[in-house]
Amino acid sequence: MAVDQTDETGELGAVRRSVVLPARAETVWAAITEAGHLSAWLGGDVELDPFPGGQIVVREDGRLRRGVIVDVEPLRRLEIQWLPASRRIGFLWGPDDEPAGAGGALEFQLEPKGDGTLLIVIERPPAGRPSALAVA
């Protein structure tokens with residue numbers, strides 16, 4: 001995977017990784033939008049409602065990580081805003097003292113590339129914390 005410390009918007013602290021996978025976009029899309037497949041990617045049990053406003057919960061080693069699905073473009077893009085640890089559920093509207101995204105964000109982008117698929121993963125860590133991808 002190629003690694004950049006800023007994403008295409010120049011966001012400081014964001015980590016962007018990309019890889020061309022020898023699989024069709026439909027196969028890669030299933031891997032990031034179906035709970036069973038995403039569990040292998042994120043390393044814990046995943047519950048996922050893959051539509052804008054849907055919730056995601058990742059259970060790993062007795063910990064819970066919760067988020068909100070911000071955007072979905074089938075076969076092209078999935079964006080998750082992680083919630084702060086103190087939040088059990090998130091919404092995408094209205095002012096909030098700890099809004100969705102205060103816990104960081106994760107974005108998957110897919111682009112056809114010959115017989116395969118270019119997968120771009122962008123992690124935006126919470127303010128003041130390093131990205132997990134930066135040390136991976």
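Q: Which residue forms a salt bridge with Glu47, and how far apart are the closest N and O atoms?
A: Glu47 forms that salt bridge with Arg59, and the closest N and O atoms are 2.5 Å apart; the term stands for a side-chain nitrogen of Lys or Arg within 4 Å of a carboxyl oxygen of Asp or Glu. Glu47 belongs to strand S3 (residues 45–48) and Arg59 to strand S4 (residues 55–60), so the pair ties together parts that are 12 residues apart in sequence. The strands, like the helices, are DSSP runs numbered from the N terminus, with at least two residues (E) for a strand and at least four (H or I) for a helix.

Q: Before we go on, what sort of model is this?
A: This is a predicted model, in which local features need pLDDT of at least 70 and side-chain atom pairs count only at pLDDT 80 or more, while totals for chains, interfaces and linings use all residues. Residues are numbered from 1 along each chain as its sequence is written, and side-chain values use heavy atoms, with hydrogens and water left out.

Q: Back to that pair, is Glu47 buried, partly exposed or exposed?
A: Glu47 counts as partly exposed because its relative accessibility is 43%, and Arg59 is also partly exposed, with a relative accessible area of 36%. Here buried means under 20% relative accessible area, exposed means over 50%, and partly exposed is in between, using a 1.4 Å probe and protein chains only.

Q: How many salt bridges does the structure hold?
A: The structure holds seven of them. One of these joins Arg24 to Glu26, with the closest N and O atoms 3.3 Å apart; Arg24 counts as exposed because its relative accessibility is 56%, whereas Glu26 is partly exposed at 38%.

Q: What about Arg124, which residue does it form a salt bridge with?
A: Arg124 forms one with Glu107, where the closest N and O atoms are 3.1 Å apart. This pair links distant parts of the chain, since Arg124 lies in strand S8 (residues 116–124) and Glu107 in strand S7 (residues 105–113), 17 residues apart. Both Arg124 and Glu107 are buried. Through shared partners, salt bridges join Asp71, Arg77, Glu79, Glu107 and Arg124 into one network.

Q: Changing topic, how many helices and strands does the protein have?
A: The secondary structure comes to three helices and eight strands, and read along the sequence the pattern is β-β-α-α-β-β-β-β-β-β-α.

Q: And how much of the protein counts as buried?
A: Of its 136 residues, 41% count as buried. The protein exposes about 7,600 Å², and carbon and sulfur atoms supply 54% of that area, as calculated by the Shrake-Rupley method with a 1.4 Å probe, where for residues only the protein chains shown count as cover.

Q: How many residues of strand S6 are buried?
A: Strand S6 (residues 77–82) is mostly covered, with six of its six residues buried. Arg77, Glu79 and Gln81 point one way from S6, while Leu78, Ile80 and Trp82 point the other way.

Q: What joins S5 to S6?
A: Six bridges join strand S5 (residues 63–73) to S6, and the two run antiparallel; strands are said to pair if DSSP finds at least two bridges between them. Val72 stands opposite Leu78 in S6. The hairpin of S5 and S6 has three residues between the strands, and Leu75 takes a positive phi near 65° there. S6 also pairs with S7 in the antiparallel sense, over five bridges, and the bridge partner of Ile80 in S7 is Leu106.

Q: Where is Thr33?
A: Thr33 is in helix H1 (residues 25–33), and it is buried because its relative accessible area is 11%. Leaving aside neighbours within four places in sequence, Thr33 is in contact with Leu48, Pro50 and Leu78, a contact being heavy atoms within 4.5 Å. A polar atom of the Thr33 side chain lies 2.7 Å from the backbone oxygen of Trp29.

Conventions:
Polar contact = N/O pair within 3.5 Å; in protein donor to acceptor, adjacent residues only side chain to side chain.
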